[in-house]
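Q: I am new to this structure and would like to learn how to read it feature by feature. Could we look at it together?

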Amino acid sequence: MKKENKDVEKLGILQLHYYLAENLHSMDAKTYNKVETEFLKIVEEVSKILDINVSTEIQALKEGGIKAIYKFFLKKKNKRTLKLVMSYFAGIVSVVIADVISDEIKSNPEYEKLEMEKIRLEVEKLKKELKEDKEQEEKNKELIDSMAIYISEANKIKLSKSKLYDSLQKERRIEKFSVQELDFNFKPKSKENFVPRKDFEKFIINDIIVDSDYKYDVTLEIISPVLNQSKYSWRALYEDKVILFNLKDDSFKNDIIRKGLQFSNGTKLVCELDIKQKINDEGEIVPSKYLVYNVSQIIYTDGITVDV
C-alpha cells in the first residue's frame with residue numbers, strides 16, 4: 001500500500017471531461033497534452049495569486065469520453081494562507097476555466113503591473129470576508145466567484161485559457177468540455193461546468209497587439225557598430241543589458257559614410273529608442289525588437305561630445 005505523504009495536505013480534486021462525438025474514447029495526443037499543459041499553467045498562476053503553495057497530481061484516466069482527474073495538495077510550509085480559501089481552491093480553478101469569458105490582453109506592461117497589484121489587493125480583501133459559518137455558505141460562494149473573476153483578469157490566465165480552448169477547437173471530435181470539482185471519494189462536489197463546442201471561440205483571443213514602449217533621450221553604449229549600409233544589427237549596452245538594435249535614422253546612417261564617423265567600444269549614442277514588445281508563452285510582456293531613431297549626440301570615451 002502506498003504511504004500517504006505527511007508533508008502535504010489535501011486541497012481538492014478537479015475533473016476535466018472531454019466529451020467526444022459518437023461515444024469515442026480516444027483523442028489526438030498532441031491536443032490532449034497542449035490542453036493539460038495550459039491547464040497546469042492556470043493552476044500555477046491561480047495558486048500564486050492566492051498565495052498558496054500547491055502541488056498537483058494526476059489520477060488514472062477514466063473513459064466516458066475522456067476524463068482526467070487532478071488532485072491538489074498543499075505543501076505544509078505554506079500555512080499562512082486562510083484555510084477556508086484553501087478548501088475552495090479547486091472550485092476557484094473550475095470557475096476560472098469554464099465560467100469567465102476572456103477579453104483582450106492588456107498590452108501595456110505598466111498597466112498590467114498595476115492591474116496585478118489591484119487583483120492581489122481585491123483577492124486579499126475577499127479572503128478576509130470568508131467565514132466558516134453554515135449560514136454564510138451562499139455568501140462564501142459569491143465571494144469565491146468574485147475572487148475567480150478578479151483572478152481571470154491576469155494576462156497569464158487569459159493567454160493559457162485562450163491556448164487551451166484553441167487546442168480543444170482544433171480537435172474536431174470534441175463536442176463539449178467540462179470541469180467539475182470532486183470530493184475525496186471522487187464523487188461530484190459541485191455542478192459540472194459545461195462549455196459546448198460552439199462557445200470555445202468565446203475564450204480564444206485571436207489578435208494580441210502589444211503597444212511599443214517608445215523612449216526619448218536614451219543613452220546606448222555601443223559594443224559593435226555597423227559602419228555600412230548593411231541590414232545587420234548593432235550591439236549595445238542598455239540598462240546593463242546587451243541588446244541588438246536596428247538603426248532607423250537614415251540621416252545618421254549617411255553621416256557615418258559621408259563623414260567617416262568612427263566608433264570604438266564604449267562610444268555612446270543619445271537617441272530615441274522604440275522597444276517593440278510581445279506576449280511570451282508565459283503571458284508576460286517582453287521586448288521583441290529594438291529600433292533606434294533620431295540620433296542626437298555621439299559621446300566618445302575621451303569625453304568629446306559631437307552633436308549630430
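Q: Which backbone oxygen lies 2.9 Å from a polar atom of the side chain of Q180?
A: A polar contact is a pair of N or O atoms within 3.5 Å; within protein, one must be able to donate a hydrogen and the other to accept it, and residues adjacent in sequence count only if both are side-chain atoms. Here the backbone oxygen of S190 lies 2.9 Å from a polar atom of the Q180 side chain. This is a predicted model, in which local features need pLDDT of at least 70 and side-chain atom pairs pLDDT 80 or more, while totals for chains, interfaces and linings use all residues. Residues are numbered from 1 along each chain as its sequence is written, and side-chain values use heavy atoms, leaving out hydrogens and water.

Q: Is Q180 buried or exposed?
A: Buried means under 20% relative accessible area, exposed over 50%, and partly exposed in between (1.4 Å probe, protein chains only). Q180 has 9% relative accessibility and therefore counts as buried.

Q: Which residues is Q180 in contact with, leaving aside its neighbours within four places in sequence?
A: Contact means heavy atoms within 4.5 Å. By that rule, Q180 is in contact with I13, L14, Q15, P188, S190, K191 and E192.

Q: In which strand is the place of Q180?
A: Strands (E, at least two residues) and helices (H or I, at least four) are DSSP runs, numbered from the N terminus. Q180 belongs to strand β4, residues 174-182, and the protein has 7 helices and 11 strands.
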